[in-house]
Amino acid sequence: MRSSSLTLSFVLLLGVLGLGGQATAAEPAPSAEAAPTGFAAVNALGQNGTTGGAGGATVTATTSEQFLEYIDTVGPLTIKVQGTIDITSKQGVRPNKTIVGVGSSAVINGGGLDFYRSYNVIVRNIKFTNAEDDAVNIGQQSHHIWIDHNEFVAPVDGALDINRAAEYVTVSWNWFNKTDKNMLIGHSDGNGGQDAGKLKVSIHHNFFDGSKQRNPRVRFGEPVHVYNNYFRNNQLYGVASTMNAGVLVEGNYFENVPHPCYSASGYADSGPGRLVQRGNQFVGSGTCETNGSVTEPRTFYSYTLDPAANVPSLVRAGAGAGVGKIGAL
């Protein structure tokens with residue numbers, strides 16, 4: 001369920017950062033939520049939702065050295081990213097951090113963010129470019145991570161991977177801009193002992209814009225809830241559920257996607273998964289392959305769907321770094 005009110009501190013933060021283009025403290029962007037919905041909002045593993053750096057200091061990173069120091073700081077911290085930050089490889093992010101871009105021109109270039117047994121982290125309003133591996137990797141039992149209102153361009157490997165028993169993750173309002181291998185949930189067919197019963201992920205209101213595959217590709221995770229996303233011109237496929245994963249695909253809009261969903265037939269070398277589809281709209285697209293049943297996300301959280309027919313306009317107006325930036329496409 002979408003947040004019905006914004007806390008004063010978050011409203012002021014939006015105004016300071018310029019998130020949402022014309023947003024001000026009195027009039028925040030309508031799609032910029034104060035807190036996550038979906039799995040990142042669930043009370044579990046000793047963490048009541050995802051609050052990031054709330055309660056800690058606020059700092060501004062304008063250089064790579066500052067940024068790397070801040071994400072490695074122990075304790076809660078809000079890190080405002082200003083301008084372009086050039087990094088290499090995947091850099092670890094400690095727990096209890098909010099990483100948020102200032103205005104519409106915050107860029108992390110060349111490298112990516114890595115979550116290793118980390119938790120309670122928010123990443124918003126960042127454009128990730130030219131990552132030499134993954135732009136964001138959420139792994140090794142990390143939990144309560146919210147990846148929201150970002151743009152991903154030209155990573156060498158994945159845009160955003162979630163693996164090795166990570167869970168309670170929400171991926172919302174991001175623009176995956178012509179990426180290839182987009183989002184892998186569960187890294188290996190042989191890792192079921194660690195991943196089964198974990199990898200709980202909510203994926204909503206994202207723009208999978210010409211991203212070729214893995215939107216997402218899932219192994220073992222259940223439930224993975226893929227809802228109210230806009231899939232456009234995905235060359236290979238939209239969503240693949242494999243290795244007995246349980247994926248619910250609902251209220252999405254698929255446009256020119258030859259293979260919206262794989263499940264019963266598996267994918268590549270991975271065995272079949274379970275996938276339920278409901279309330280989706282398919283335009284110039286194939287059929288969504290379904291198989292078996294899936295644990296209902298409402299077992300964990302409540303939510304409200306937008307009509308699938310409204311998803312393209314909503315997502316184009318609201319997804320990406322700098323809310324409204326892609327509405328004119």
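Let's start inside the structure: Glu167 is buried, with a relative accessible area of 6%, where buried means under 20%, exposed over 50%, and partly exposed in between (1.4 Å probe, protein chains only). This is a predicted model, in which local features need pLDDT of at least 70 and side-chain atom pairs count only at pLDDT 80 or more, while totals for chains, interfaces and linings use all residues. Residues are numbered from 1 along each chain as its sequence is written, and side-chain values use heavy atoms, with hydrogens and water left out.

Glu167 lies in strand S16 (residues 167-172). Strands (E, at least two residues) and helices (H or I, at least four) are DSSP runs, numbered from the N terminus. The side chain of Glu167 makes a polar contact with the side chain of Lys200, at 3.0 Å. A polar contact is a pair of N or O atoms within 3.5 Å; within protein, one must be able to donate a hydrogen and the other to accept it, and residues adjacent in sequence count only if both atoms are side-chain atoms. Setting aside residues up to four places away in sequence, Glu167 also touches several others, among them Leu45, His143, His144 and Leu199; contact here means heavy atoms within 4.5 Å.

Now step back to the sheet that holds S16. This open sheet has 10 strands, in the order S3-S4-S7-S10-S13-S16-S19-S22-S25-S28, with parallel pairing. Two strands pair if DSSP finds at least two bridges between them. Strand S3 (57-61) and strand S28 (274-278) are the edges, each pairing on one side only. From one strand to the next, the twist averages 10 degrees; angles run from 0 to 180 degrees between N-to-C directions, and axes are lines fitted to C-alpha atoms, for helices over the stretch in contact.

Strand S19 (residues 201-204) and strand S22 (residues 224-227) pair in the parallel sense over four bridges, and the bridge partner of His204 in S22 is Tyr227. Four bridges then join S22 to S25, again running parallel, with Val224 partnered by Val247 in S25. Finally, S25 and S28 pair in the parallel sense over five bridges, and Glu250 stands opposite Arg278 in S28.

Why is strand S25 (residues 246-250) described as largely enclosed by the rest of the structure? Five of its five residues are buried, so the strand is largely enclosed. Both of its faces are covered: Gly246, Leu248 and Glu250 are buried on one side, and Val247 and Val249 on the other.

At the S3 end, look for a helix. Helix H2 (residues 64-71) lies across S3, strand S4 (77-81) and strand S7 (97-101), and runs at about 150 degrees to S3. Its buried residues are Ser64, Phe67, Tyr70 and Ile71. Seen down the axis of H2, these buried residues fall within an arc of 135 degrees, so they line one face of the helix; the arc is that of the directions from the helix axis to the C-beta atoms. On the other side of H2, Glu65 and Glu69 are exposed.

Not counting residues up to four places away, Ile162 touches residues including Ile138, Val169, Leu184 and Val201.

There is another open sheet to find, with nine strands in the order S5-S8-S11-S14-S17-S20-S23-S26-S29 and parallel pairing. Its edge strands are S5 (84-86) and S29 (281-283), each pairing on one side only. Within this sheet, three bridges join strand S8 (residues 107-109) to strand S11 (residues 127-129), and Ile108 has Phe128 as its bridge partner in S11. Helix H4 (residues 311-318) lies across strand S20 (207-209), strand S23 (230-232) and S26, running at about 90 degrees to S23.

Our last stop is a pair of asparagines in loops. Asn234 is found between S23 and strand S24 (239-242), and Asn256 between strand S26 (253-255) and strand S27 (261-262). Are they buried or exposed? Asn234 is buried, with a relative accessible area of 0%, whereas Asn256 counts as partly exposed at 39%. The contacts of Asn234 beyond four places in sequence include Asn256, and a polar atom of the Asn234 side chain lies 2.9 Å from the backbone oxygen of Ser211.
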